[in-house]
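Dear colleague,

I am passing on the structure we spoke about, and would be glad if you could look it over before reading my notes. They follow directly below it.

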Amino acid sequence: MTTVAELPPGFSDKVLSAQSTFRSVMDALARPGTVQRIAASAGAPEGMMHGTAAIALMLFDHDTPIWLDGAISTSDAAKWLKFHTGAPIIDHPAMAGFALIGDPKNLPALDRFALGSSEYPDRSTTLILQVDSLSRGTAYELHGPGIDGSTLLTASIEPHDLFDRLAVNATLFPRGIDVVLVDGSSIVAIPRTTRLVHGKN
Amino acid sequence: MNAPSYNFAYLDEQTKRMIRRAILKAIAIPGYQVPFASREMPMPYGWGTGGVQVTAAILGPDDILKVIDQGSDDTTNAISIRKFFGKTAGVATTTLTMEATVIQTRHRIPEAPLHEGQVLVYQVPIPEPLRFLEPRETETRRMHALAEYGLMHVKLYEDIARFGHIATSYAYPVKVNARYVMDPSPTPKFDNPKMDNCAALQLFGAGREKRIYAIPPYTTVVSLDFEDHPFKPYRFDAPCALCGAENSYLDEIVTDDKGGRMFVCSDTDYCEQRQAEGHRGRESAAPHKERAHV
């Protein structure tokens with residue numbers, strides 16, 4: 001059993017590391033499909049990538065119930081998250097503000113997460129999904145707010161049908177699921193407004 | 001050593017996390033007003049407490065901050081907010097639109113086109129465009145949920161019935177990404193076209209009303225209108241008296257008690273840039289400078 005003293009550290013500089021991480025995530029959401037880098041130095045527990053850990057340290061606190069998938073909840077990550085963020089870890093993804101997905105092959109159906117209500121579409125779960133690569137793999141052509149015309153995202157993403165599953169965002173809008181893809185220190189955001197350009201990938 | 005000091009950019013980290021989460025949701029749902037737990041700020045409501053909280057949550061040590069109030073860099077509100085962040089965050093400040101990475105604005109959009117990587121932060125007094133038509137929050141929230149915006153068109157139609165044209169001249173309602181009707185804050189409607197397909201990220205903060213909303217870059221923003229009464233931006237029919245600009249938004253300045261007046265650019269940085277480039281208007285220098293060479 002790991003003691004608190006043996007846990008990996010949090011941000012090296014709580015204030016400025018959180019700020020630079022936030023700007024990377026904000027830029028990622030404002031420009032869907034572009035790869036942003038998280039430069040802040042932060043420890044990460046086993047099972048969590050550096051980018052995932054930095055986003056957790058930057059956004060999570062006692063106000064954000066989080067849900068962890070099997071790959072993350074079994075490791076020391078849960079203890080690390082509890083110690084550094086104080087976020088309550090819950091069993092029901094439908095109640096979660098954020099969900100950390102370490103094993104995206106077994107990503108639960110999206111309707112198991114919170115989709116928000118028509119009155120409060122912001123009360124939805126943001127998925128933070130660890131992927132194989134954000135630099136090589138399948139090319140996805142994306143369009144939507146934040147994108148000048150269309151943009152190409154080259155990524156190796158599990159589940160392979162992620163974008164097909166995210167098509168519910170078009171039907172449900174303004175309800176929906178926002179996704180942040182993480183590969184090491186690189187992140188790409190796919191907010192609920194982003195659509196696949198059809199017939200081209 | 002025990003001198004009191006503030007956290008970087010004034011706000012504590014828990015507050016910043018809360019505001020940052022609201023900003024991220026706001027970007028994901030363009031035009032939707034995200035409720036947030038607005039804090040008391042060391043300035044009264046109406047002085048930009050919402051904008052200041054948004055700026056404090058995004059600002060980093062490498063940012064260059066510009067603050068404008070009605071287009072002007074040198075009014076009390078603009079100067080005090082610029083000094084506030086100079087003091088609490090130690091950030092560089094500027095009056096140049098091109099140079100700034102974060103621009104906090106009260107009721108104007110700069111004339112110079114904004115570029116990618118810039119963030120425009122609006123101070124918003126009343127974020128709900130339907131509030132004067134329907135005072136109940138429960139009702140306006142449902143109207144947004146159902147995209148039921150007929151009432152807003154009725155309001156614009158009543159303008160036409162009464163005045164012959166749409167007389168709304170500021171806080172002119174827009175539809176963002178073909179879904180949410182949004183209040184662009186009390187900017188003159190002259191500025192509305194600049195919001196459409198803008199390269200910069202636009203964030204809106206309303207402190208008293210506790211709402212944050214956003215327009216991501218390259219998002220369609222359409223001013224509401226009718227086929228037979230299309231949206232028309234308004235500006236005084238005159239060139240700027242100082243720089244001669246024919247396409248900028250103008251302030252009317254009364255110069256004496258005999259009906260004398262001049263029109264000058266509301267955007268002081270734009271006007272100064274043009275004068276530095278050699279553009280001249282009818283009154284080539286500000287009145288107090290002319291007196292020097294009598």
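How many residues does the contact take from chain A, and how many from chain B? Please bear in mind that this is a predicted model. The contact takes 29 residues from chain A and 30 residues from chain B. On the chain A side, the largest share comes from α1(A), which supplies 12 residues, and the residues of that side divide into 14 nonpolar, five polar and 10 charged.

The helix pair at this contact deserves a separate look. From α1(A), the residues Lys14(A), Val15(A), Ala18(A), Phe22(A), Val25(A), Met26(A), Leu29(A) and Ala30(A) meet Glu13(B), Arg20(B), Ile23(B), Leu24(B), Ile27(B) and Ala28(B) of α1(B). As for α1(B) itself, 13 of its 16 residues are buried, so that the helix is mostly covered, and from first C-alpha to last it reaches 23 Å, close to the 22 Å expected.

Turning to the sheet in chain B, you will find seven strands in the order β1-β9-β8-β5-β4-β2-β3, forming an open sheet with mixed pairing. Its edge strands are β1 (34-35) and β3 (92-93) of chain B, each of which pairs on one side only. Strands β8 (residues 201-206) and β9 (residues 211-215) of chain B run antiparallel and are joined by five bridges, with Ala206(B) standing opposite Arg211(B) in β9(B). Two helices of chain B pack on this sheet: helix α2 (residues 49-58) touches β4, β5, β8 and β9, and its direction makes about 150° with that of β5(B), while helix α3 (residues 76-88) touches β2, β3 and β4, and its direction makes about 160° with that of β2(B).

Finally, a note on helix α7 of chain B (residues 268-276), in which Thr268(B), Asp269(B), Tyr270(B), Cys271(B), Arg274(B) and Gln275(B) are buried. Strand β12 (261-265) of chain B is included in what covers the buried residues of α7(B), and the helix is followed by Gly278(B), whose phi is positive, near 100°.

With best regards

Notes:
Residues numbered from 1 in each chain as written. Chains lettered and ligands numbered in written order. Predicted model: local features only at pLDDT ≥ 70, side-chain atom pairs only at ≥ 80, totals over all residues. Contact = placed C-beta atoms within 7 Å. Helix = DSSP H or I, 4+ residues; strand = E, 2+ residues; numbered from the N terminus. Pairing = 2+ DSSP bridges. Axes fitted to C-alpha atoms, helices over the stretch in contact; angles between N-to-C directions. Expected span 1.5 Å × (residues − 1). Buried ≥ 20, exposed ≤ 12 C-beta atoms within 10 Å, placed from the backbone. Nonpolar A, V, L, I, M, F, W, Y, C, P; charged D, E, K, R; others polar.
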